[in-house]
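Dear colleague,

Please find below the structure that I am handing over to you. My notes on it follow directly after.

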Amino acid sequence: MHGGDIYRNHVTLDFSVNINPLGIPDSVKKAMLEAVEQCTCYPDIRCAGLIKAIGSMTGALEDQILCGSGASELFLAIIHGLKPKKIVIPVPSFYGYEKAALACHADIVWYEMKKENGFCLDNTFLEHIPKDTDLLFLANPNNPVGNLLKPNFLEQLIRTCMKKKITVVLDECFIEFTETGTQDSFLLRAEEFPNLIVVRAFTKIFAIPGVRLGYLVCGNKKWHQDIARQLPEWNLSVFAQIAGAAAAREMNYLERTIRHVKTDRKYLSEELKKMGISVFPSTANYMMFYTEHLLFDQLLKKGILIRDCSNFRGLSNGYYRIAVKNRRENTELIQAIGQIIQKESRKCDGKDLIL
């Protein structure tokens, strides 16, 4: 149900996972190497240094921050801590929400976003939230589409849920890739919305998925405690804590990332459209497109792995997601897709038939 399966496929280029194309910052690599010397000690059970660094990076209050082994661990901890009985999940979206919901045997209500709306929520969604809903999962930007919710609509949605006593878990794991991430984020509004939990990760933005590091911000003190009780002791290694603290100081790296992603996302989108492929607007470091050309298996034969989105709820065959990588890799992908389409066109014209 996820991308990145390089262990069972021969892959030279992996476009199926949305990792920062700039790679791991040098300071983070150095920090992890130095962390080897601390492996004889238990890691800080309170993650004090890391939490302080996250607070400095984001402006979030330290007593509202909770760290986990990736966002996935935090989603599960939220579910086990709050014990919701009915969960609403707009789809298509990240499979991790469903996995977390199933872990507590909650009733799941799927809300299918429409293709004609670009798979984005609008005001009609407010009318379709069941009254007895306990928790709502949202992603901003959404995965796999990459679109951002309008801030005014998102605020209205969170306020409506607050009146109905619905917890909103807002996944902002990709918001730092967007040009308007700072003003669109609700990370610093946890005090204003006691029904809101914002989740982020170092995984994608700092290109360290193998380290496993995420955090949440929650202004509701009781919820914070309830969620914390679901996390194992010493759940973050010394590598994760030291790498995260080093990454949190890399503000220039974040600025360079936004510029690069914007430029090469535009390049990929324009090149795909030239080939007659339908591309959905994205603000993130990935994009989703639709084509009737069967790309997944043929690209994999070339050692290129993309995300086949046919197993996302609300999508079907023909939908694919690709990450934005560096220009050389992006060009190689475009050339490979062009070759596949050209070959299929020749077959349709009968030029490859042997008489």
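Predicted model: local features only at pLDDT ≥ 70, side-chain atom pairs only at ≥ 80, totals over all residues.

Residues are numbered from 1 along each chain as its sequence is written, and side-chain values use heavy atoms, with hydrogens and water left out.

Helices (H or I, at least four residues) and strands (E, at least two) are DSSP runs, numbered from the N terminus. Helix H9 covers residues 251–274, and its 24 residues should span 34 Å at 1.5 Å a residue; the end C-alpha atoms lie 35 Å apart, which agrees. The expected span here is 1.5 Å times one less than the number of residues in the helix.

Several residues of H9 are buried, among them Tyr253, Leu254, His260, Asp264, Arg265 and Glu271. Buried means under 20% relative accessible area, exposed over 50%, and partly exposed in between (1.4 Å probe, protein chains only). Ser269, also in helix H9, is buried because its relative accessible area is 14%. Leaving aside residues up to four places away in sequence, Ser269 touches Val279 and Met287; contact means heavy atoms within 4.5 Å.

Helix H2

In helix H2 (residues 48–58), the buried residues are Leu50, Ile51, Ala53, Ile54, Gly55, Met57 and Thr58. Their cover includes strand E2 (65–68), strand E7 (196–201), strand E8 (214–218), H8 and H9. After H2 comes Gly59, with a positive phi near 90 degrees.

Two helix pairs

The axes of helix H1 (residues 26–35) and helix H8 (residues 238–247) come within 8 Å and cross at roughly 150 degrees. Axes are lines fitted to C-alpha atoms, for helices over the stretch in contact, and angles run from 0 to 180 degrees between N-to-C directions. H1 and H8 are therefore roughly antiparallel to each other (angles under 35 degrees count as roughly parallel, over 145 as roughly antiparallel, 65 to 115 as roughly perpendicular and the rest as oblique). On the H1 side, the contact is made by Ser27, Val28, Ala31, Met32 and Ala35, and on the H8 side by Val238, Phe239, Ile242, Ala243, Ala246 and Ala247. By class, this contact of H1 with H8 holds 10 nonpolar residues, 1 polar and no charged ones. Ala, Val, Leu, Ile, Met, Phe, Trp, Tyr, Cys and Pro count as nonpolar, Asp, Glu, Lys and Arg as charged, and the others, Gly among them, as polar.

Helix H3 (residues 70–82) packs against helix H4 (residues 95–103) at an angle of about 35 degrees, with the axes 9 Å apart. Phe75, Leu76, Ile79 and His80 of H3 meet Tyr97, Lys99, Ala100, Ala101 and Ala103 of H4. The residues of this contact divide into 7 nonpolar, 1 polar and 1 charged.

Two loop residues

Lys131 sits in the loop between strand E4 (107–112) and strand E5 (135–139), and counts as exposed because its relative accessibility is 79%. Gly303, in the loop between helix H10 (296–301) and strand E11 (304–305), counts as buried at 2% relative accessibility. Gly303 touches His10, Val11, Thr12 and Leu13, again not counting residues up to four places away in sequence.

With kind regards
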